[in-house]
Amino acid sequence: MEKWFVAMKKADFNGIAEKYQISPIIARLMRNRDVIGDEAIDFYLNGTVEDLYDGLLMKDMDRAVDILKEKIEEGKKIRVIGDYDIDGVNATYILQQGLAGLGADVDTDIPDRIKDGYGLNQMLIDRALEDDVDTIITCDNGIAALNEIAYGKENGMTIVVTDHHEVPYLEENGEKKYLLPPADAVVDPHRADCEYPFKGLCGAAVAYKLVEVLYRVSGKSEQAVEHLQESLMENVAIATIGDVMDLVGENRVFVKKGLELLKTTKNEGLHALMQCTGVDTANLNTYHIGFVIGPCINAGGRLDTAKRALELLNASNRREAVTLAADLKELNDSRKEMTEEGVEEAVRQIESSSWKDDQVLVVYLPECHESIAGIIAGRIKERYYRPTFVLTKGETGVKGSGRSIEAYDMFAEMSRCRELFTKYGGHKLAAGLSLEEENVEVFRKRINELADLTEEDLQMKVSIDMRLPFPYINEELIHELKILEPFGKGNGKPLFAESKLRVIQPRIFGKNRNVLKCRLEDQQGNQMEAVYFGEVEDCLRQMEKKQIMSFTYYPSINEYMGRRTIQLTIVNYQ
C-alpha cells in the first residue's frame, strides 16, 4: 500500500506570482522543488547559456588546459579514454571533437564492459603505450584509478583526469583523507578543494567545460565558441538525462538548450537514431532521451561494444548513420527482450520461494547477461518496493547489481558483510558486487539478518504537489506548466490529486491492451477524460470494485483528428 502525502512547503505564493508574472500554482510548484529566493527563482525561470559558470573556476582546469594546449602545439598524440555508458560515450565524443577542432592529433578508446570492466585499467594504458600515445585524458572515469595512473606515469605518460564521481577516501580518526590520483591534472567538481559552485554536472558536462575553456584560451573567436555550443551541447543534454543527473541549476540550462538543438540536429547519427526509433522531434522532451534514445546508446556498451555508439555520433554521412542506428536499435530490442525474460524469471522465483517475504530480495539468475542485472534489479525493486540484488554467473564467480529504496543505505549495509565479497562498491541507492557462488545463499541470509526495515520503510511514498480540483484545470494552466520543463530527476513532473471521484466507463484499449481509459467525475458533477498506462488489468478491477476513488494525476492536452481535449494521466490510485 502506498503512503500519500501533500507537500506543505510555505512561501508568499501570491507575492512571487505577482513579481514574476506567473500563477500562484506555478509559484507553489517551484517552492516544492526548493527553488527559493529571487536569484534562484530568476535563474529557474530565465537562466540561459550566458549564465553558466566559467569552467576555470574548477580546480586544476587551468593546469589541464595549459597541458593540452601545449600538447596540441607540439603535435603530441592524445588519447581520450571514456566509459561504456551514455555519459562516457558522449563525454568521449565531446573531447574528441573539441580537441580535433583545435588541430590535435587525437583518438579514442573505450573499455569493454565484460573484458575490461569500468574505467581506466592497465590494459588500456598498455594499449596506449603500444600506440605511442603521449597523453591520456579520461572522461567520466579516472578519479578512482590511483594505481593505474601511477603505472602510466611510471611509463612516462602525461595523464589528465576529467570526472564527476565522488573522490575515494579513507577515514582516519573520524576525518576523511581523500585519495586523489597522481595525474598531471585532476578536474572533478567533487574535489574537496574545488570551489566550482555547481557540483551536480555529469562527465560529459565536465568534458564540455574543459573544451570551452580550451577554445577561449586558444584564442578562438566568439563565433567558433558559439559553433562549439551549437554542435556539442546536445551531447551534454543527452548525457545529463541518460546518467539521471538532477535537472537543477546548470543541468537545467544544459538540457533545455540541448533539447532545442536536438530538434534540428546536424549530427547525422542522432538524426538517424531519432528517425529509426520514431521520435517526434518537434515535441522532443526528456522522456524520449531517457527511454528511447538513451537505451539505444547504452545498448552497445551492454551487449556488444560502446564503440558502436561512438561510431554513430561520428557518422559522416546519412547511409552510414542509418545503418549504425538500425544496429543499435536492434541491440536495444534484444536487451529489452532479455530484460523482460529476466524480470519474469525473477518474479517466478520470488513468488514460489520461502524468501518472498524477505526485507531484502536476493535473486540469482545464472543465465542472465550481467550487463542487465541492474535494470532487472530496478524493475523488481519497483514492483515489490524492497531493496533488491540480482546476481548472475560470471566467467569467474558471481557478479551482481543492487537497487535500493530511500530508507535503506545499500552500500553501508553491504559494508557490514564485506567479507562475503571478492569485490564491491556503490552508494546508498545502487551497488555492484562480486562473490563466490557458494556464498550466494549465505549472502541472502546475512543481508536479511542485518536488515532492520520497518513496515513504514517498506511503504512507497507518493509526494503530491497539491490538491487540484477539476474547475482549476484549463488549457491556460496546462500551457503555463511548460514553464517548469524540462522534467526529470530533481525537477519532477507536477503531481496533483483529487479524492471522492466517481469512475465512469473504465475500459482497456490498444492493440497490446496496455491503455486504460475512463471519465472521472467530482462531487459537483465536473468530468474529465483520463488515461492510465500502468498495470491496467489491476486498475480496472479496482475501478469496477470501488467506483468512488482517489487519484494522483497530471493534466495535458490530447489532440486527436483535429479535436483538442483536456486529459488527465493517472499516476496513482486508491
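**Entry 1: α6 and α7**

I began with helix α6 (residues 122-130) and helix α7 (residues 146-154), which pack at an angle of about 20 degrees with their axes 9 Å apart. Axes here are lines fitted to C-alpha atoms, for helices over the stretch in contact, and angles run from 0 to 180 degrees between N-to-C directions. The angle makes α6 roughly parallel to α7. (Angles under 35 degrees count as roughly parallel, over 145 as roughly antiparallel, 65 to 115 as roughly perpendicular and the rest as oblique.) I noted the crossing of α6 and α7 as right-handed. A crossing is right-handed if the near helix is turned clockwise from the far one by less than a right angle, and left-handed if anticlockwise. Gln122, Ile125 and Asp126 of α6 make the contact with Glu148, Ile149, Tyr151 and Gly152 of α7. Contact means heavy atoms within 4.5 Å. By class, I have three nonpolar, two polar and two charged residues in the contact of α6 with α7. (Ala, Val, Leu, Ile, Met, Phe, Trp, Tyr, Cys and Pro count as nonpolar, Asp, Glu, Lys and Arg as charged, and the others, Gly among them, as polar.)

**Entry 2: ground rules**

This is a predicted model; local features need pLDDT of at least 70, side-chain atom pairs count only at pLDDT 80 or more, and totals for chains, interfaces and linings use all residues. Residues are numbered from 1 along each chain as its sequence is written, and side-chain values use heavy atoms, with hydrogens and water left out. Helices (H or I, at least four residues) and strands (E, at least two) are DSSP runs, numbered from the N terminus.

**Entry 3: α11 and α14**

Next I took helix α11 (residues 268-276) and α14. Their axes come within 8 Å and cross at roughly 50 degrees. That makes α11 oblique to α14. The crossing of α11 and α14 is right-handed. On the α11 side I listed Glu268, Gly269, His271, Ala272, Leu273, Gln275 and Cys276. On the α14 side, the contact uses Arg318, Ala321, Val322, Ala325, Ala326 and Lys329. The class count for α11 with α14 is seven nonpolar, three polar and three charged residues.

I stayed on α14 to look up aspartate 333, which is in that helix. Aspartate 333 counts as partly exposed because its relative accessibility is 25%. (Buried means under 20% relative accessible area, exposed over 50%, partly exposed in between, with a 1.4 Å probe and protein chains only.) Aspartate 333 and cysteine 296 are 37 residues apart in sequence, yet 8.5 Å apart in space, C-alpha to C-alpha.

**Entry 4: α15**

Helix α15 (residues 373-384) has 12 residues. From first C-alpha to last, α15 reaches 16 Å, close to the 16 Å expected at 1.5 Å a residue. The expected span is 1.5 Å times one less than the number of residues. I found these buried residues in α15: Ala373, Gly374, Ile376, Ala377, Gly378, Ile380, Lys381 and Tyr384. They pack against α14 (318-351), β9 (361-364), β10 (388-393) and β11 (398-403). Just after α15, tyrosine 385 takes a positive phi of about 45 degrees.

The peptide bond from glutamate 485 to proline 486 is cis, with omega near 5 degrees. Proline 486 sits in the loop between α18 (475-480) and β16 (496-509). Lysine 500, in strand β16, has a positive phi of about 55 degrees although it is not a glycine. Arginine 513 lies in the loop between β16 and β17 (515-521). Its phi is near 50 degrees, a positive value in a residue other than glycine. At 45% relative accessibility, I logged arginine 513 as partly exposed.
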